[in-house]
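Please open the model in your viewer and keep the sequence panel beside it.

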Amino acid sequence: MIPGSWESRAAAKRASVLSAIPSPWRIPNGQVPTVKDCSNVMEIPRRYLSQEELTITETPPMDTLVHIHAGIWSAEAVVRAYCHRAAIAHQLVNCLTDAFFDTAISAAMQLDQYYRETGSLKGPLHGLPVSFMDRFRITGRETAAGYVSWLGPTETAATESLIVRHMRSLGAIPFCKTNTPQSMMLAETTNNIHGSTHNPYNRMLSSGGAAGVGEGALLALKGSPIGWGTEFAGSTRIPAVFNGLYSLKVSSGRLPMYGVAAARTSLPTRNSTIAMISWDFALLQLLAKLTLGLPNLQEDPGYLDMPWRQFKVSELGTRRPVFAVLEFDENIQPQPPVRRALRNLIHILRSTGYQVIDWKPPMHAPAVERYFRIIGADGAQATREHIKASGEPPVPRLKDWYDNRPPIPLPLPEYLALLEAQEKYQAGYQTYWKSTSKLTTSKIPVDGVIMPVCADAACFENSLTYFGYSAIVNVLDFTAVTFPVGFVDMSLDPGKDSFASLSQEDEAVHQSYNANAFHGCPVGLQLMCRRTEEEKALRLVEMILQAQTQASVFFG
């Protein structure tokens with residue numbers, strides 16, 4: 001490699017991640033199984049952890065906080081355990097872009113000393129390790145976000161992302177950053193620095209995208225209790241459902257994007273938001289309560305003065321909420337495991353006393369198509385410039401666009417017409433939602449809509465093409481919570497069922513379903529609520545989870 005070339009810069013960055021892993025934490029040569037020999041690596045981390053580390057990393061994080069705050073576990077022990085598990089996860093699925101374990105352990109030791117000397121905690125998340133997608137700026141670390149040209153400069157306290165600073169103020173400890181695709185907008189993660197992140201349930205498959213994929217794989221392997229990603233078309237929700245996790249996508253303004261690295265796009269700022277993701281739903285709820293709309297986040301120019309509203313949760317205790325279900329968006333039919341999950345959940349909710357109605361909103365597909373035209377209205381010139389700056393090539397998914405599509409921006413009148421049409425669509429969707437009061441026994445509009453995140457139950461890398469179910473939430477600037485509902489089962493989800501394709505694209509999604517390869521992969525859904533209804537969405541998902549538990553006890 002030529003010194004200073006993009007290849008040498010990328011190789012140096014990869015080497016820095018591996019060098020941050022202490023020798024005792026490195027899996028010996030020959031013990032990392034090949035994909036052919038072992039595609040599912042969910043259980044492998046357990047082989048390399050001590051009993052104490054296993055106990056810590058497999059205890060629900062809310063209980064971990066209780067143990068730290070009671071002095072039963074030290075912050076140092078907890079952070080060390082998660083650093084070790086994250087190191088193993090990276091060696092199995094290639095999920096990290098930066099590891100600052102020494103810094104995190106040192107910060108944990110300081111918290112322990114503070115606790116011993118004062119008997120007090122630094123905050124409600126005192127001692128909890130937290131991971132971040134590699135768009136979040138962290139003091140002393142690089143922020144490459146998939147671009148070789150962004151390697152080099154390190155962040156300062158002045159440039160650190162506001163949400164990272166807020167996590168520190170709560171007592172949490174950043175300890176690693178996770179992989180994101182070149183351009184930060186692809187359906188699966190691959191870039192020229194770190195390569196691809198794989199799905200730990202089947203490393204032949206994608207872990208999802210477009211931005212939070214490294215987080216999804218890391219959290220699935222319990223290498224972190226909770227992580228932060230971003231959202232513009234399902235970037236955190238897709239990895240969440242492909243990895244059996246919970247996530248919260250918020251409406252613009254309720255969490256700060258200030259200080260989060262981004263390439264310039266023509267997308268209106270309110271459509272790109274932050275999201276949180278975890279394998280522990282209770283921790284997701286706690287983090288939302290501690291973070292949404294707090295006054296110390298008002299440095300963000302898009303700050304919305306709307307702290308956690310408990311009355312939004314309490315009012316659901318005074319009546320039975322009504323759910324709607326979107327089984328099919330009239331454009332692309334979900335694959336068999338997703339359809340089965342929706343049918344099962346409808347049955348569970350109705351059997352436990354909830355009213356469930358069909359959701360027939362204005363068509364999603366035209367609005368999503370228009371949304372992507374808005375995103376690319378400037379010809380994605382900034383993305384092209386960032387790739388060119390280092391001399392690196394575009395990754396395969398971008399090659400055709402990069403080589404054959406000149407960066408010609410839309411004329412301003414055409415761009416403004418797209419924005420106007422989108423506003424009319426958003427208003428029409430709100431009108432439809434309000435009209436559902438005519439269909440409910442309570443005469444109150446539907447509380448939340450259950451629907452797929454993806455038509456695909458899982459996917460091979462570079463094969464995910466349809467975002468009508470995920471991106472509609474961003475189009476509307478609504479809130480959504482994802483939740484796992486089971487696993488693909490080849491005996492219950494045959495590839496060839498009573499499917500009649502509606503279009504060439506619909507047929508392509510159906511043909512991409514592979515019952516054998518997808519068997520055992522998680523299946524998840526999302527619940528969508530209207531703008532700034534994060535509290536309500538979280539409570540509704542909690543009620544869904546309770547209904548699932550109740551139904552499993554009742555039906556056996």
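This is a predicted model: local features need pLDDT of at least 70, side-chain atom pairs count only at pLDDT 80 or more; totals for chains, interfaces and linings use all residues.

A polar contact is a pair of N or O atoms within 3.5 Å; within protein, one of the two must be able to donate a hydrogen and the other to accept it.

**Stop 1: Asp447**

Select Asp447, in the loop between helix H15 (412-435) and strand S13 (448-451). Is Asp447 buried or exposed? Its relative accessibility is 1%, so Asp447 counts as buried. Now display its side chain, which reaches the backbone nitrogen of Val322 at 2.8 Å. A polar contact of 3.0 Å also links this side chain to that of Lys536.

**Stop 2**

Proceed to Thr479, in strand S14 (residues 479-487). Thr479 has a relative accessible area of 0% and is therefore buried. Which backbone atom lies 2.7 Å from a polar atom of the Thr479 side chain? It is the backbone oxygen of Lys249. Beyond residues up to four places away in sequence, Thr479 touches a set of residues that includes Leu248, Lys249, Val250 and Ser251, as well as Cys529, Arg530, Glu533 and Glu534.

With a relative accessibility of 0%, Ala480 counts as buried. Leaving aside neighbours within four places in sequence, Ala480 contacts Arg237, Ser247, Leu248, Lys249, Val473, Gln526, Leu527 and Met528. For a distance across the chain, draw a line from the C-alpha atom of Ala480 to that of Glu327: the two residues are 153 residues apart along the chain, and these atoms are separated by 16 Å.

**Stop 2: the two domains**

How many residues of domain 1 are in contact with domain 2? There are 55, and they meet 68 residues of domain 2.

**Stop 3: helices H2 and H4**

Show helix H2 (residues 51-58) together with helix H4 (residues 75-93); their axes come within 9 Å and cross at roughly 90°. H2 is therefore roughly perpendicular to H4. On the H2 side, select Glu52, Glu53, Leu54, Ile56, Thr57 and Glu58; on the H4 side, they meet Ala77, Val78, Ala81, Tyr82, His84 and Arg85. By class, this contact of H2 with H4 comprises 6 nonpolar, 2 polar and 4 charged residues.

**Stop 5**

Select Gly376, in the loop between helix H12 (364-375) and H13. Its relative accessibility of 35% means that Gly376 counts as partly exposed. Between the C-alpha atoms of Gly376 and Leu245 the distance is 30 Å, and the two residues are 131 residues apart in sequence.

Continue into helix H13 (residues 381-388), whose buried residues are Ala382, Thr383, Arg384 and Ile387. Against which helix do the buried residues of H13 pack? They pack against helix H14 (396-404). The axes of H13 and H14 are 12 Å apart, and the helices pack at an angle of about 105°. H13 and H14 are therefore roughly perpendicular to each other, since angles of 65 to 115 degrees fall into that class. Display Thr383, Arg384, Ile387 and Lys388 of H13 with Leu398, Trp401 and Tyr402 of H14, the residues that make the contact. They divide into 4 nonpolar, 1 polar and 2 charged.

**Stop 4: two positive phi angles**

Most residues other than glycine have a negative phi. Select Ala145, in the loop between strand S2 (129-133) and helix H6 (162-169): although not a glycine, Ala145 has a positive phi of about 50°. Ala145 counts as buried, at 0% relative accessibility.

Finally, select Glu330, in the loop between strand S11 (322-325) and helix H11 (336-351). Its phi is also positive, near 70°. Is Glu330 buried or partly exposed? Glu330 is partly exposed, with a relative accessible area of 44%.

Definitions and conventions:
Residues are numbered from 1 along each chain as its sequence is written. Side-chain values use heavy atoms; hydrogens and water are left out. Axes are lines fitted to C-alpha atoms, for helices over the stretch in contact, and angles run from 0 to 180 degrees between N-to-C directions. Helices (H or I, at least four residues) and strands (E, at least two) are DSSP runs, numbered from the N terminus. Angles under 35 degrees count as roughly parallel, over 145 as roughly antiparallel, 65 to 115 as roughly perpendicular and the rest as oblique. Contact means heavy atoms within 4.5 Å. Ala, Val, Leu, Ile, Met, Phe, Trp, Tyr, Cys and Pro count as nonpolar, Asp, Glu, Lys and Arg as charged, and the others, Gly among them, as polar. Buried means under 20% relative accessible area, exposed over 50%, partly exposed in between (1.4 Å probe, protein chains only).
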